[in-house]
Amino acid sequence: MTWTEVLKPIKKSDYFKNLWENVKIEFNSSQCFPPKNEIFRALELTEFDDVKVVIIGQDPYHNDGQANGLCFSVSENVKAPPSLKNIFIELKDDVGVDRKNNDLQDWAKQGVLLLNATLTVKAHEPNSHKNLGWETFTDFIIKEISDKKENVVFVLWGAFAQKKALLINQNKHHIIQSAHPSPFSVYRGFFGSKPFSKINNYLFEKEKNPIVWG
């Protein structure tokens, strides 16, 4: 299946038309991120049939030039924000990969859906689009993956992402959860949680290709 087929019911709904109108108003009236052509980049880089892992973020980075449509990711020439730095510290500690590229599109192309719950944000105002209605759309995506696929790894970092566990059938899928990689919570259980080796161990068990993290 393709995202076009999966998302057809919701994209045809009045709800989505209304959401998209509101998004356009926001982008026309103020500076917003990511660039409009990258809002759905996570879905463009990871087709529905290819999804093996889902990492859920809250909303895009809100500073200039950071958000690129993939949760936790920034473009290659952009300095890594604190959460991404901490992800890379854990990556090295867990599987020995010393990653230098801050754009996670290579993960996305291997089947890691890097999905923010809210897909847009007003510049310099974190969580400013949380009431636009994006979560209805992204919850639909999570539920469709849960219902229509098997043996997907869902990575839920922090209390916000962990609420999404209610949308996931844990008899068919594997959930990895820990504290969030942000500086505020990284020492409360993110460091040492070894998510990258856990993901690959599960994929290996299910006879799927592991993710090359570096």
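Here is a quick tour of the sheet, its neighbours, the cysteines and the aromatic rings in this structure.

This is a predicted model, in which local features need pLDDT of at least 70, side-chain atom pairs count only at pLDDT 80 or more, and totals for chains, interfaces and linings use all residues. Residues are numbered from 1 along each chain as its sequence is written, and side-chain values use heavy atoms, with hydrogens and water left out. Let's start with an open sheet of 4 strands in the order S3-S2-S5-S6, with parallel pairing.

**How the sheet is put together**

- Helices (H or I, at least four residues) and strands (E, at least two) are DSSP runs, numbered from the N terminus.
- Two strands count as paired if DSSP finds at least two bridges between them.
- At the edges sit strand S3 (112–116) and S6, each of which pairs on one side only.
- From one strand to the next, the twist averages 20 degrees; axes here are lines fitted to C-alpha atoms, for helices over the stretch in contact, and angles run from 0 to 180 degrees between N-to-C directions.
- S2 and S3 share 5 bridges in the parallel sense, and Ile56 stands opposite Leu115 in S3.
- Strand S2 (residues 53–57) also pairs with S5, again in the parallel sense, over 4 bridges, with Val53 opposite Val153 in S5.
- S5 runs parallel to strand S6 (residues 174–178), joined to S6 by 5 bridges, and Phe154 faces Ile175 across that pairing.

**What is covered**

- "Buried" means under 20% relative accessible area, "exposed" means over 50%, and "partly exposed" is in between (1.4 Å probe, protein chains only).
- Strand S5 (residues 153–157) is largely enclosed by the rest of the structure, because 5 of its 5 residues are buried.
- In a regular strand the side chains alternate between the two faces of the sheet.
- In S5, Val153, Val155 and Trp157 point one way while Phe154 and Leu156 point the other, and all are buried.
- S3 is mostly covered too, with 5 of its 5 residues buried.
- Val112, Leu114 and Asn116 lie on one side of S3 and Leu113 and Leu115 on the other, and all are buried, leaving both faces covered.
- Helix H6 (residues 134–148) lies across S2, S3 and S5, running at about 150 degrees to S3; contact means heavy atoms within 4.5 Å.

**Cysteines**

- A search of the whole structure turns up 0 disulfides, a disulfide being a pair of cysteine sulfur atoms within 2.5 Å.
- Cys32 is in no disulfide, and the nearest cysteine sulfur, that of Cys71, is 19 Å away.
- Cys32 has 8% relative accessibility, so Cys32 counts as buried.
- Cys71 has 0% relative accessibility and therefore counts as buried as well.

**Aromatic rings**

- Rings of Phe, Tyr and Trp (its six-membered ring) pair if their centres lie within 6.5 Å; planes under 30 degrees apart count as stacked, over 60 as edge-to-face and the rest as tilted.
- The whole structure holds 16 aromatic pairs.
- Phe40 and Trp134 are edge-to-face, because their ring centres are 5.9 Å apart and their planes are at 70 degrees.
- That pair links distant parts of the chain, 94 residues apart: Phe40 is in the loop between strand S1 (32–33) and helix H3 (41–45), and Trp134 is in helix H6.
- Both Phe40 and Trp134 are buried.
- Trp157 and Phe190 are another edge-to-face pair, 5.2 Å centre to centre with 90 degrees between the planes.
- Trp157 is buried at a relative accessible area of 3%, and Phe190 is buried at 0% relative accessibility.
- Ring pairs link Phe72, Trp107, Trp157, Tyr187, Phe190, Phe191, Phe196 and Trp213 into a cluster.

**Charges over rings**

- A charge sits over a ring if NZ of Lys or CZ of Arg is within 6 Å of the ring centre and within 35 degrees of the ring normal.
- The charged end of Lys11 sits over the ring of Phe40, 4.9 Å from its centre.
- Over the ring of Phe48 sits the charged end of Lys149, 5.3 Å from the ring's centre.
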